[in-house]
Amino acid sequence: MKTKNAIRLKKLSLSFIAGICMTTLLTSCAERAQVEKQQSNQKKNEYYVAAYIWPSCHHDERFGDMLWPEGTGEWEIIKKGNPRFEGHYQPRLPLYGYEMDNNPVTIEKWIDMAVEHGVNIFVYDWYWFDGGPFLESALNDGFLKAKNNTKMQFYIMWANHDVKRNYWNVHKYKDDESQLWDGAADWDDFKLIVERVIRQYFKQPNYFKIDGKPVFSIFSIENLLEGFGGSIEEARKALDYFREEVKKAGFPDLHIQWNQGGGSVMSEEAAAKFSKKVSDMGFNSVAMYNMGGMNEDYLKYGDNSLKIRKQMDGILDVPVFPCVSVGWDDTPRFPAKGIHDVVHYHNTPESFATLLYKAKQYADSHPEQPPLITINAWNEWVEGSYLLPDMQNGFGYLEAVKDVILDGKYERFK
């Protein structure tokens, strides 16, 4: 009897060990498959797909109490969005709720979602007002503390525009359009900015570089000039100073990007002035924050953007990086805006995908420049332009990026 029990126990032990081995093998296979899937996606993605990050949905230590006293940043305003016409999608409803954009756990989820769908760069809007940074926690405490941030690259767009009091909280400041902040920076502030971004960001191993040069995008060229007395020569000196400081930090140079911020087709005279200014100030490339040519009909909006891109491509001697916008609806900030100020016809993931495909074609036709495509935006909830999943389209816009960039679905019949 003892012998039979011993044999039975031995069989059970062997069975248990075999089960553990099989479970370990299956787990190992599953993990390996996941890694291979990620590597496959990364390998297939031959493009730099950069989505802009609007970093307002957290409590800012410097100015949060003044602007958004509820302590949730601009979620306070987004939640108060209201429909202005039949079928108007307001307020916008995020699929995962009102998550803080400076929470590293949230950003870890964002990074996984982004990379899996073909977005591999985040471009953070970065502010400097009253001698110090604003809304910086989204990058410092969110992205840079995310455990998986090595999957993504990032770079900075200096959002140096002016701000009126009622721009970010019209419910509090109502009709008060007096200026709260001037986006222009003089030499003293500029030197502080240069030191900060080199030390705090450029030295991060996943900061986006072109030919080893950190990319720094500037939103308002007019405010850049204003900070140096309106002089192109003095502004050029400042940018050259920036380059020298970057070289001292061990980089080959700085890639300075003019961010056009949208716009429309220019007159011949305006186009010539624009091209000369890009050249005289020494910019390395031109990008856009939104694709320009805004229209109620997304298809017309997209057609306008293609004309703008073609014009810039024809007049500039530096790379033009194509931008595709998800949409436009900033009515939560502006009570007087209505149906004619919103992109609402044909504004679908499928329409967005077709324009993204056009941007990909443009990148392919310019092999002499990095294949960088920007998207407005990852999380511009307050302006109705975001890739993040919501209660209306689910993952539709992210799946559109994956279809075009990773899966090549729009190239099946090329």
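**A first look at a predicted chain**

Buried here means under 20% relative accessible area, exposed means over 50%, and partly exposed lies in between, using a 1.4 Å probe and protein chains only. Cysteine 57 also counts as buried, with 4% relative accessibility. And how many disulfides are there? The count is 0 disulfides, where a disulfide is a pair of cysteine sulfur atoms within 2.5 Å.

A word on what we are looking at. This is a predicted model, in which local features need pLDDT of at least 70 and side-chain atom pairs count only at pLDDT 80 or more, while totals for chains, interfaces and linings use all residues. Residues are numbered from 1 along each chain as its sequence is written, and side-chain values use heavy atoms, leaving out hydrogens and water.

Now, confidence: pLDDT is the predictor's confidence in each residue, from 0 to 100. The chain has a mean pLDDT of 92, and 89% of its residues reach 70 or more. Contact means heavy atoms within 4.5 Å. Residues 33-43 also stay under 50 in pLDDT, with 5 contacts beyond four places in sequence.

Next, the inside. Of the chain's 414 residues, 53% count as buried. The largest nonpolar core has 123 residues, and Phe122, Phe352, Trp378 and Leu387 have the most contacts inside it. Such a core is a set of buried Ala, Val, Leu, Ile, Met, Phe, Trp, Tyr and Cys residues joined through side-chain atoms within 4.5 Å. Setting aside neighbours within four places in sequence, phenylalanine 122 touches, among others, Trp110, Phe143, Tyr155 and Trp378.

Finally, the helices. The chain has 13 helices and 12 strands; these are DSSP runs numbered from the N terminus, with helices being H or I of at least four residues and strands E of at least two. How do α12 and α13 pack? Helix α12 (residues 349-364) and helix α13 (residues 396-406) meet at an angle of about 35°, with axes 9 Å apart. Axes are lines fitted to C-alpha atoms, for helices over the stretch in contact, and angles run from 0 to 180 degrees between N-to-C directions. Phe352 and Leu356 are among the α12 residues making this contact, and Tyr397 and Val401 are among those of α13.
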